[in-house]
Amino acid sequence: MACATNAISLSLSSNPNSKLSSDFIPKLNRPVNVSLCASTSAELDPGRLFLSRPIGLSRRICANATPVMDQSVGERSSSVPTIVEVDLGNRSYPIYIGSGLLDQHELLQKHVHGKKVLVVTNTTIAPLYLDKVVDALTKGNPNVSVENVILPDGEKYKNMETLMKVFDKAIESRLDRRCTFVALGGGVIGDMCGFAAAAFLRGVNFIQIPTTVMAQVDSSVGGKTGINHPLGKNLIGAFYQPQCVLIDTDTLSTLPDRELASGLAEVIKYGLIRDAEFFEWQEKNMEKLMARDPDAFAYAIKRSCENKAEVVSLDEKESGLRATLNLGHTFGHAIETGFGYGEWLHGEAVAAGTVM
């Protein structure tokens, strides 16, 4: 698809005149570019935000290059998950990545505390995966009691009123401090379930099962939880880490194309800010990602999680380094708030914010 409107090209380059230290200059033999095109009509249309070859203006951004991982990861047996560790001392936790992981009940069960579980999901994901998750939690484990709360789907419901539905269900079910919350869904569900877990009885355990690209490569990792306020996005929340993150890549098969493209904005972000070789790989493999190639996605998810885990391990509470992960988010959050939550998908707004 050709972009008939103006675009800004983001370039990674070994710029000898850069004021950044040499540690932040990528070791590239040539500049690599990706552009994010959006309509320049008076009324911005998030549905017209897409990737293209670069045209128009060029802006140079220097990033730290880290080695690209073994691309054979996607070819491993689906029965053996890839594991990325988030190193936070005694609060460290694994990220499991692979196909068919929801069928491996032992992965979930070993991270469940107590005998009561509350699965938090939404009206879109519940018909697709709720029964499978309940089976994974209870198979061979009859003493575990599983409750669920099904919330409306969408960013506009990421608010205090919806959050109270989680607390209502937890209290009605007489859950105690030994219970476990499970977030089954995209970024909205993960953020709200995590915040509910942080606040309920002053903190209970929770598990992330992300089902969108956005959640799998970014929001489920690192412990940022919260809800929106009418005056701003994610203004109410807490840093609260999960017991584990379980990424079953099969869930992407039911993801709408627009959601998939939106999530790739966060994948591109890692290449822009710190992983130049990964960015080069993205240029060569974007068509495979858009076509949902399982090997390409397994690689992109693992590499993204490795980048996120490393940053979080070094700066959990965002006192410095972790702020680099907010590339595109300042303008992006303003777009989401200004146009109304849900009009623009998060990745669409971040992509637009990145080129502003």
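# Questions about a predicted model

Me: Which residues have the most contacts inside the largest nonpolar core?
Reply: The largest nonpolar core has 35 residues, where such a core is a set of buried Ala, Val, Leu, Ile, Met, Phe, Trp, Tyr and Cys residues joined through side-chain atoms within 4.5 Å. Buried here means under 20% relative accessible area, exposed means over 50%, and partly exposed covers what lies in between, with a 1.4 Å probe and protein chains only. A contact is a case of heavy atoms within 4.5 Å, and the residues with the most contacts inside this core are Val-86, Ile-95, Val-213, Leu-289, Phe-297 and Ile-301.

Me: From which element does the largest share of this core come?
Reply: Helices (H or I, at least four residues) and strands (E, at least two) are DSSP runs numbered from the N terminus. At least two residues of this core are supplied by each of strands E5 (82-86), E6 (93-98) and E13 (245-248), and likewise by each of helices H5 (213-219), H6 (257-273), H7 (276-290) and H8 (294-314). The largest share amounts to 9 residues, and they come from H8.

Me: What is Leu-289 in contact with, leaving aside its neighbours within four places in sequence?
Reply: Leu-289 is one of the residues with the most contacts inside the largest core. In soluble globular proteins, nonpolar side chains tend to be buried together. Once neighbours within four places in sequence are left aside, the partners of Leu-289 are Leu-260, Leu-264, Trp-281, Ala-296, Phe-297 and Ala-300.

Me: How many contacts does the stretch 72-77 have in the model, beyond near neighbours in sequence?
Reply: Over residues 72-77 the pLDDT is below 50. Where pLDDT is low, the predicted coordinates should not be read in detail. With that caution, the contacts of this stretch beyond near neighbours in sequence number 8.

Me: Which side chain does a polar contact of 2.5 Å join to that of Glu-155?
Reply: Glu-155 lies in the loop between strand E8 (145-151) and helix H3 (160-172), and it counts as buried because its relative accessible area is 13%. A polar contact is a pair of N or O atoms within 3.5 Å; within protein, one must be able to donate a hydrogen and the other to accept it, and residues adjacent in sequence count only if both atoms are side-chain atoms. Beyond four places in sequence, Glu-155 touches several residues, including Val-188, Asn-228, Glu-336 and Tyr-341. The side chain joined to that of Glu-155 at 2.5 Å belongs to Lys-233.

Me: Which residue does a polar contact of 2.6 Å join to Lys-158 through their side chains?
Reply: Lys-158 is also placed in the loop between E8 and H3, and because its relative accessibility is 3% it counts as buried. Among the residues it touches beyond four places in sequence are Asp-191, Met-192 and Lys-233. Its partner in the polar contact of 2.6 Å is Asn-234.

Me: What value is phi of Asn-234 near?
Reply: Asn-234 is found in strand E12 (residues 232-239), and because its relative accessibility is 35% it counts as partly exposed. Its phi is positive in a residue other than glycine, with a value near 60°.

Technical notes. Residues are numbered from 1 along each chain as its sequence is written. This is a predicted model: local features need pLDDT of at least 70, side-chain atom pairs count only at pLDDT 80 or more; totals for chains, interfaces and linings use all residues. Side-chain values use heavy atoms; hydrogens and water are left out. pLDDT is the predictor's confidence in each residue, from 0 to 100.
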